Amino acid sequence: FPVTIENQTGGTLAAGGNSVFTAVGGTSISVGQAGNDFGGTVTFASSGGGNLQDVTVADTTALNLAGITLDGSLTATGAGISQTGLFNVAGLTTLTAGADGSISLSQENTLGNVTVVSALDVNLRNEAANAGTLLFPSLPSTLRNLTLTFLSSGVTIPPAGVTIAGNLNLTAGGAFAQSGPL
């Protein structure tokens, strides 16, 4: 029967090398405790057929995620977030890289709605034909660099607006829309 892997309150995980978490398809994995330290690539996999539902992961250092397919949501927190494989996330993807961290998800990802909570640099590629909403709810008033590549849909700059201190690169397969100052 399906179970959920969860990192209990107060417990932390530390691994100097790669980490692999496997659970039965349809279940979720949560290793989102503050204080976790993953030194290598972190992989989340399903077994027994089907995809994982939701994944929550936190790392006190730069978080490097292997490719992942989820029927639900992804919540990733690290001192920077990068990927080694494609992300296919049907639900919400929430990314928190800290005020000095970079988010680099530049592979041909298929994502639903994306929320960037914090980052200094953002490089995000989404190939979803009907890419969801991209939100920046609490970014600092100034980003250093912002690169958005949405080749199969349009891009909308959110109402909060964004100030870019460095480079701004927007590529879309549909319309550009601006609902806030840039």
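Tutor: Buried means under 20% relative accessible area and exposed means over 50%, with partly exposed in between (1.4 Å probe, protein chains only). The model is predicted, so local features need pLDDT of at least 70 and side-chain atom pairs count only at pLDDT 80 or more, while totals for chains, interfaces and linings use all residues. Residues are numbered from 1 along each chain as its sequence is written, and side-chain values use heavy atoms, leaving out hydrogens and water.

Student: Is E127 buried or exposed?

Tutor: The cut-off for buried is under 20% relative accessible area. E127 has 19% relative accessibility, so E127 counts as buried.

Student: How many salt bridges does the structure hold?

Tutor: A salt bridge needs a side-chain nitrogen of Lys or Arg within 4 Å of a carboxyl oxygen of Asp or Glu. One of the pairs that pass is R125 with E127, at 2.6 Å from N to O. Searched as a whole, the structure gives a salt-bridge count of three.

Student: How far apart in sequence are the parts that R125 and E108 tie together?

Tutor: The closest N and O atoms of R125 and E108 are 3.6 Å apart, and the two form a salt bridge. R125 is in strand β16 (residues 121–126) and E108 in strand β14 (residues 102–111), so the parts tied together are separated in sequence by 17 residues. Strands here are DSSP runs of E with at least two residues, helices are runs of H or I with at least four, and both are numbered from the N terminus. The separation between R125 and E108 is therefore 17 residues.

Student: Which residues are linked with R125 in a network of salt bridges?

Tutor: R125 pairs with E108 and also with E127. E108 counts as partly exposed at 47% relative accessibility, whereas E127 counts as buried at 19%. The residues linked with R125 in the network are E108 and E127.

Student: What is the angle between the planes of F21 and F38?

Tutor: The structure holds two aromatic pairs. Rings of Phe, Tyr and Trp (its six-membered ring) pair if their centres lie within 6.5 Å, and planes under 30 degrees apart count as stacked, over 60 as edge-to-face and the rest as tilted. F21 and F38 lie 6.0 Å apart, centre to centre, and the pair is edge-to-face, with an angle between the planes of 85°.

Student: Why is the pair of F21 and F44 stacked?

Tutor: A pair of aromatic rings is described by the distance of the centres and the angle of the planes. The ring centres of F21 and F44 are 5.5 Å apart. The pair is stacked because the planes are at 15°.

Student: Which strand holds F44?

Tutor: F21 and F44 are both buried, and F21, F38 and F44 form one aromatic cluster. The pair of F21 and F44 links distant parts of the chain, 23 residues apart. F21 is in strand β3, while F44 is in strand β6 (residues 41–47).

Student: Which residues make up the covered face of strand β10?

Tutor: Strand β10 spans residues 74–77, and T75 and T77 form its uncovered face. The covered face is made of L74 and A76.

Student: Which residue stands opposite A76 in β10?

Tutor: Two strands pair if DSSP finds at least two bridges between them. Strand β7 (residues 55–58) pairs with β10 in the parallel sense over four bridges. Contact means heavy atoms within 4.5 Å, and the residues that A76 touches include L63, I81 and L95. Opposite A76 stands V57.

Notes
Lists of a residue's contacts leave out its neighbours within four places in sequence.
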